[in-house]
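Thanks for making the time; I would like to walk through this one slowly, starting with the strands and ending at the metal. Please keep the picture open while I talk.

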Amino acid sequence: MSVTSPQHRIWWKEPVEKVELVWILIAFAWGVFMFVFMIAWHFIGRQNLSNETYRVAPSTFEKKVEDFAKKYQTREEGGIPVVKPPAGADVYLLSRTFQWWPILELEKGQSYRIHMSSLDLQHGFSLQPTNINIQVHPGLEHIITLTPTADGAFGIICNEYCGLGHHTMTGKLYVTQKKVAEGGAVVTAAAKNGEAK
Ligand SMILES: [Cu+2]
């Protein structure tokens, strides 16, 4: 049996069925509502990272990070400085092909302002195994406020394809807990950090 031709030549120009129109309007209204509601996700369910962003020249940012690393470096791992800023400090982390620099060491329960920027291409900061992601652009300094709630060693990976070495672009973030030693002195878990998991 062959397919029969439509009865009328202009078969497609029909008025929109009322039910279809209602559904289009509902879907459109829902889309508009969700667009406006995006702001609410900053407050509900801790979903979006609230951040501040400023313009910065890559060379200026590089200098800031180097000064920061020099000031608070505690040791070195594989040629990369491990930097432990004081609680509440401004913390700097730079991304470049194909590296997150330096290694950071923060204290659990303390809030830090993390400044991030890229020296070359767009990279994606992704803190593993948590669900914290932020796009990092050259020329822009992104600042997030972070309060670690768990201690241990966290991995930083790049989740924005940035070139041939993208898959090797990893970094590290240690979160240590303040401990009171037997002698009463305050030590941090960082002391045995070389082989932190
Ligand atoms: Cu990448």
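In this predicted model, strand β8, residues 123–128, pairs with β9 in the antiparallel sense over five bridges, where two strands are said to pair if DSSP finds at least two bridges between them. Within that pairing, F125 has I134 of β9 as its bridge partner. Helices (H or I, at least four residues) and strands (E, at least two) are DSSP runs, numbered from the N terminus. Before going further, residues are numbered from 1 along each chain as its sequence is written, and side-chain values use heavy atoms, with hydrogens and water left out. Because this is a predicted model, local features need pLDDT of at least 70 and side-chain atom pairs count only at pLDDT 80 or more, while totals for chains, interfaces and linings use all residues.

The sheet that holds this pair is open and has seven strands, in the order β2-β3-β6-β12-β11-β8-β9, with mixed pairing. Its edges are β2 (73–77) and β9 (132–136), each with a single partner strand, so one side of each has no neighbour in the sheet. From one strand to the next the twist averages 25°, with axes taken as lines fitted to C-alpha atoms, for helices over the stretch in contact, and angles running from 0 to 180 degrees between N-to-C directions. Helix α2 packs on this sheet, touching β2, β3 (80–83) and β6 (103–107), and its direction makes about 100° with that of β2; contact here means heavy atoms within 4.5 Å.

Let me turn to the other sheet I want to show. Five strands make up this open sheet, in the order β1-β10-β7-β4-β5, and again the pairing is mixed. Here β1 (51–55) and β5 (99–101) are at the edges with a single partner strand each, so one side of each is left without a neighbour in the sheet. The twist in this sheet averages 25° from one strand to the next. Strand β4, residues 90–96, pairs with β5 in the antiparallel sense over three bridges, and W101 in β5 is the bridge partner of L94. Helix α2 (residues 58–72) lies across β4, β5, β7 (112–118) and β10 (140–146), and runs at about 125° to β4.

Which atoms coordinate the copper ion? They are C158 (SG), E160 (O), C162 (SG) and H166 (ND1), at 1.9 to 2.5 Å, donors being N, O and S atoms within 2.8 Å of the metal (3.2 Å for Na, K and Ca), and water is not among the atoms, so sites may look incomplete. In sequence, the spacing of the donor residues reads C-x1-E-x1-C-x3-H.

As for H166 itself, it sits in the loop between β11 (152–158) and β12 (170–176). Is H166 buried or exposed? With a relative accessible area of 17%, H166 is buried, given that buried means under 20%, exposed over 50% and partly exposed in between (1.4 Å probe, protein chains only). Setting aside neighbours within four places in sequence, H166 contacts F98, C158, N159, E160 and Y161. A search of the whole structure finds zero disulfides, a disulfide being a pair of cysteine sulfur atoms within 2.5 Å.
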